[in-house]
Amino acid sequence: MNDVQEPRWAPHVTVATVVVRDGRLLLVEEAIDGRQVLNQPAGHLEPNETLAAAAVRETLEETGWTVRLSAFIGTYQWTAPDGTPFLRFAYAAEPQSHDPDRPLDDGILRALWLTPAELRADPTRLRSPLVWEVVADYLAGQRHPLSIVREAR
């Protein structure tokens, strides 16, 4: 009998938002490991935070945009090349207001609006394959009611 326990699988739980205005996607350009990459406004779930609240918070912190969530796009599982597992919960959101003077999170170079074609033009600039997968699902019309994600009380 083997008394050694395997480490528990503990993925990083992240949220992301797809925000569209005039046919353009709100994205962030960030510096990761010496590269400039593109991502949705996205980040980690914090303790005692709902997924929806995390999505709104991360969007504001990374872009200066206050958004209203409109739909749940989906859940995505991915393992990074270094072996780090991720679970991403993606939401669609509508822009409400912008604070251009708000400092952006560390590592965020700027927020920008790109067309889907501009985003797709250079896949090597995407932070992960999840960036395009989430956008592709959004563009294909994948939307679920926000109530599909439930918080047990």
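I count a contact when heavy atoms lie within 4.5 Å. This is a predicted model, where local features need pLDDT of at least 70 and side-chain atom pairs count only at pLDDT 80 or more, while totals for chains, interfaces and linings use all residues. Residues are numbered from 1 along each chain as its sequence is written, and side-chain values use heavy atoms, with hydrogens and water left out.

**Cores.** I take a nonpolar core as a set of buried Ala, Val, Leu, Ile, Met, Phe, Trp, Tyr and Cys residues joined through side-chain atoms within 4.5 Å. Buried is under 20% relative accessible area, exposed over 50%, partly exposed in between (1.4 Å probe, protein chains only). The largest core has 19 residues, and Ile73 and Leu119 make the most contacts inside it. At least two residues each come from β2, β5, β6, β7 and α3 (129-139). Helices (H or I, at least four residues) and strands (E, at least two) are DSSP runs, numbered from the N terminus. The largest share, 6 residues, is from α3.

What does Ile73 touch, not counting residues up to four places away in sequence? I listed Val18, Ala90, Tyr91, Ala92, Val134, Asp137, Tyr138, Gln142 and His144.

**Helix α1.** I checked residues 51-63: 13 residues, reaching 18 Å from first C-alpha to last, close to the 18 Å expected at 1.5 Å a residue. The expected span is 1.5 Å times one less than the number of residues. Buried residues of α1 include Leu51, Ala54, Ala55 and Glu58. The buried residues of α1 pack against β1 (12-21), β2, β4, β5 (65-79), β6 and β7 (108-114). Gly64 follows α1 with a positive phi, near 80 degrees.

**Positive phi.** Most residues other than glycine have a negative phi. I noted Asp22, with phi near 55 degrees, in the loop between β1 and β2. Asp22 is exposed, at 76% relative accessible area. Asn48 has a positive phi of about 60 degrees and lies in the loop between β4 and α1. Asn48 is exposed too, at 87% relative accessibility.

**Pocket.** A pocket is an open set of points on a 1 Å grid over the protein atoms alone, where a 1.4 Å probe fits, with protein on both sides within 12 Å along at least five of seven lines; lining residues have an atom within 4 Å of a point. The largest pocket is lined by 21 residues, with Trp78, Ala80, Phe86, Arg127 and Ser128 nearest its centre.
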